[in-house]
Number of protein chains: 2
Amino acid sequence: MQSGPNAIGTLFEPDSVAVVGSLREGGFGGYVTTKHLLDFGYKGKIFPVNPHYDSILGLKVYPTVNEIPEGVDLVIIMTGAGAVPRIMEECVENRTRVAIIVSDGFTERDVEGAGLQRQVSAMARTAGIRLLGPNTVGVANPSNGLVTSPYRIIYERIFSGSIAICGQTGLIGPQNLALEETHYGVSKICDFGNKCDIDEIDLLQYLGGDDQTSVIAFHLEQINNGRAFVEKVREVVPKKPVIVLRPGRTEASRQAMASHTGSLAGDDSVYQGALRQAGALRVDSLAELLGFPRVFACQPLPAGNRLAMITISGGAGVMGVDVAASRGLFMAKLSPSTLNKLAGISPVLAGNPVDLGPALPAYRGGALVTYYPAIVEALLEDPNVDCLALACPWALRKRLTEVFASLLGKYPKTMAAWVPSPSVSGVWEIERDLEILGLPAFADGDTAVKALAMACEYVRIRSSLKDA
Amino acid sequence: MQSGPNAIGTLFEPDSVAVVGSLREGGFGGYVTTKHLLDFGYKGKIFPVNPHYDSILGLKVYPTVNEIPEGVDLVIIMTGAGAVPRIMEECVENRTRVAIIVSDGFTERDVEGAGLQRQVSAMARTAGIRLLGPNTVGVANPSNGLVTSPYRIIYERIFSGSIAICGQTGLIGPQNLALEETHYGVSKICDFGNKCDIDEIDLLQYLGGDDQTSVIAFHLEQINNGRAFVEKVREVVPKKPVIVLRPGRTEASRQAMASHTGSLAGDDSVYQGALRQAGALRVDSLAELLGFPRVFACQPLPAGNRLAMITISGGAGVMGVDVAASRGLFMAKLSPSTLNKLAGISPVLAGNPVDLGPALPAYRGGALVTYYPAIVEALLEDPNVDCLALACPWALRKRLTEVFASLLGKYPKTMAAWVPSPSVSGVWEIERDLEILGLPAFADGDTAVKALAMACEYVRIRSSLKDA
């Protein structure tokens, strides 16, 4: 193996990219990838490779990789599996640095595919070419427009942010996620596919040192080298949170994994405790893996685990408190000054959770725009409050951005919101506008509280690692 | 106490309704409720009550309840708490049958409020008037247009369906839920509020015998009489599923509950095991409580627990299998005939989960409309398959209704769908259209599988109760 960071740097920031595969227009293939590179603004050299074309999209097409007149940083291969060894030979001759094998039909398929994968891996290893995949949609790096998905992406912008997502699934890629509509800020995305070479340790090493990345989310069906991964997690966690989703808990799903990425998960349950001790944060679903990092990406870390909550109903408050308590948060004991401020707005508000419900009838329309931010600010000012879970009243809708524009960044407290609503058609726009401001909004109060609990857990872990 | 069913029948199907409270136009109050009754098509008599008006919305206004020239079936009271005893006196004189006290400021507020609640309850009990609340938004019955919410509802239709929802929270009401946009089919909604009289036992008794209701969902912070409730659950479960969400698991949330509905939850953990034995289905969140009943309401019950799954990615399949296995479902062993049919479409499809991912590139556009329904039908035809969790390819979008229109109802198998999508703005419309057809769609594959697992659990429970 080569040294990780440089090769992974090349994977995400190549000066030149070759795309080997079908150049027919459509929803999948080399044409799609080439067009993505142009559309997302990739500024390096692009070499489409196909024997049947002279040029596409204003770019010269080369019949083979080895006819490209310079060594290519990154070759993306999306031919049939059978052609991959030949193309790998061309890459060796070309002195290619990194290759992404998008093609499927390898270890995940059958014994022949497994043989093919071993063959291709050996060729690359011998030549010092690092490999991502096979059976992957590759990577995305919004900061330089490198987006390798062979599936058509329905939007032409991915916002540069600080969330890195790595996994053994194309589910995490822009062809499948509403990154644009939700204004989700990505630093790097990497689909490992069958993971014949580049793996979670390479990525953790790279992302740990990547200034654009503030939080790292891993979907890991199988861990190549548990001990080394745990050590790497321990190294990175003091710098930034590492969140891990581990499917494959059941025998049935381990069988499904074998036909997905071809990897028979060893019994790495032995590493689970170690991973936790090393400071990895655990989530239970892909929705959590993708959602919770938004708190780390756009909110300050909490100084402690004392939670204040604003709800629109007592029932939602009770459920939120349940979730908080079961995840290590304490309901903040509001200071007398805060209770006075709340009571000044309405006597029924003086508590934690602050339940807007009983006060809403008296403060409809215009007045809500005044008293809601006053409540939020009273809680943010309270020295007994570390983090704040906020129900945003639907009655305020589009005025919520106005409310939060002046509040965000003013206090070093961690906030997570939700927008309870009798409408589903427009809520995503409100949530997107809050996300743009830096206030992450979640599906409901329970989820917002869980996200805050994870931020608190990270602070606790990081502090215990420092003390150790 | 009166006999439950008759009084609860009157609560949901009154021939006359009086609305006592402010008649000022706005977002809350008697004007709003009166307008709702008219807008939602309530055909009974409506008597607005307020000393300061002669008429509103074409209706004569009465200065007091006792000046209404006939006994009123249902009086909805939304004045200040202090006025409620006087209005209750009027109700007694009027020979009112049931009253909903929307007003807050009772046991949930303070000692004085608790005294007021005892006073009002005693008056009603003596006169044989049944009470819902106080501190409630009341009930909804879409089949006759009885919608009592004092908060403005942003839509004018609630679809008649077979899901009954009861809870100690206004969160379950149409003022807070996107019932219209999601085409959610309700039979009855009831917010218990402080639950000074009408409670979960009354509702379970009534809904168990209500022909319009096929599934009953309960949010219960506190259970008045655990033993009686457990017995009633055991009585109803053979007829229809009873789903229960129990917040208040933690000491912190029990405190929050006290200031929500004023009820100190006794330690009813003793009833938890009994509830399960009686056959109640348990959920962990409001989202599940509201979402899972859709499977019971519009899909046949599964004959067994053998699951087939269609995914768009191997990773999603693995996660779905994990959830299935951990909730008592088995991955169906597809019959040779089914495997042949799948392989005939594409060799990479022959398995369970059926992963569309590898086959998608070859079947873009038009072909997908043919081969996707063929896959679904092959699985539905398989005698080894009892239920089906379906990823609906985003590529088909609006054509999904065409696909499922001919498949739904054709096979006695239980289906639940999800629509993985790179867009959030239009997905709700696709999901709504599927719901109209009778195919419930969930946020993701995990949730669809959990919903199916609950349907299987119900069948298992019902059968074991029959055997006992």
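Mentor: A helix here is a DSSP run of H or I with at least four residues, numbered from the N terminus, and I apply that to what is a predicted model. Helix α2(A) is followed by Gly41(A), whose phi is positive, near 85 degrees.

Trainee: What makes helix α2 (residues 30-39) of chain A largely enclosed by the rest of the structure?

Mentor: Of the 10 residues of α2(A), 7 are buried, so the helix is largely enclosed by the rest of the structure. Those residues are Gly30(A), Tyr31(A), Val32(A), Thr33(A), Thr34(A), His36(A) and Leu37(A), and what covers them includes the strands β1 (16-21), β2 (45-49), β3 (55-56), β4 (59-60), β5 (74-78) and β9 (146-147) of chain A.

Trainee: Why is the pair of Lys398(A) and Asp433(A) called a salt bridge?

Mentor: The closest N and O atoms of Lys398(A) and Asp433(A) are 3.7 Å apart, and the cut-off for a Lys or Arg side-chain nitrogen and an Asp or Glu carboxyl oxygen is within 4 Å, so the pair qualifies. The pair links distant parts of the chain, with Lys398(A) in the loop between β18 (387-391) and α14 (400-405) of chain A and Asp433(A) in helix α15 of chain A, 35 residues apart.

Trainee: How do you know whether Lys398(A) counts as buried, partly exposed or exposed, and which of these is Asp433(A)?

Mentor: Lys398(A) has 48% relative accessibility, which lies between the limits of 20% and 50%, so Lys398(A) counts as partly exposed. Asp433(A), at 18%, falls under 20% and therefore counts as buried.

Trainee: What makes up the contact between domain 1 and domain 2 of chain A?

Mentor: Chain A is divided into domain 1 (4-295) and domain 2 (300-467), with 37 Å between their centres, taken over C-alpha atoms. The contact takes 22 residues from domain 1 and 20 residues from domain 2. About 1700 Å² is buried between the two domains, and carbon and sulfur atoms give 70% of that area. Phe292(A), Arg294(A) and Val295(A) supply 38% of the area that domain 1 buries against domain 2, more than any other three residues.

Trainee: How many salt bridges and polar contacts are found across this interface?

Mentor: Across the interface of domain 1 and domain 2 of chain A the rule finds 1 salt bridge and 4 residue pairs in polar contact. On the side of domain 1 that touches domain 2, the elements that give two or more residues are α8 (270-278), β14 (281-283), α9 (286-291) and α10 of chain A, with β14(A) giving the most, 3 residues.

Conventions. Residues numbered from 1 in each chain as written. Chains lettered and ligands numbered in written order. Predicted model: local features only at pLDDT ≥ 70, side-chain atom pairs only at ≥ 80, totals over all residues. Heavy atoms only, no water. Buried < 20%, exposed > 50% of the residue type's maximum accessible area, 1.4 Å probe, protein only. Contact = heavy atoms within 4.5 Å. Domains from an automatic or database assignment. Buried area = accessible area lost by both parts, 1.4 Å probe. Polar contact = N/O pair within 3.5 Å; in protein donor to acceptor, adjacent residues only side chain to side chain.
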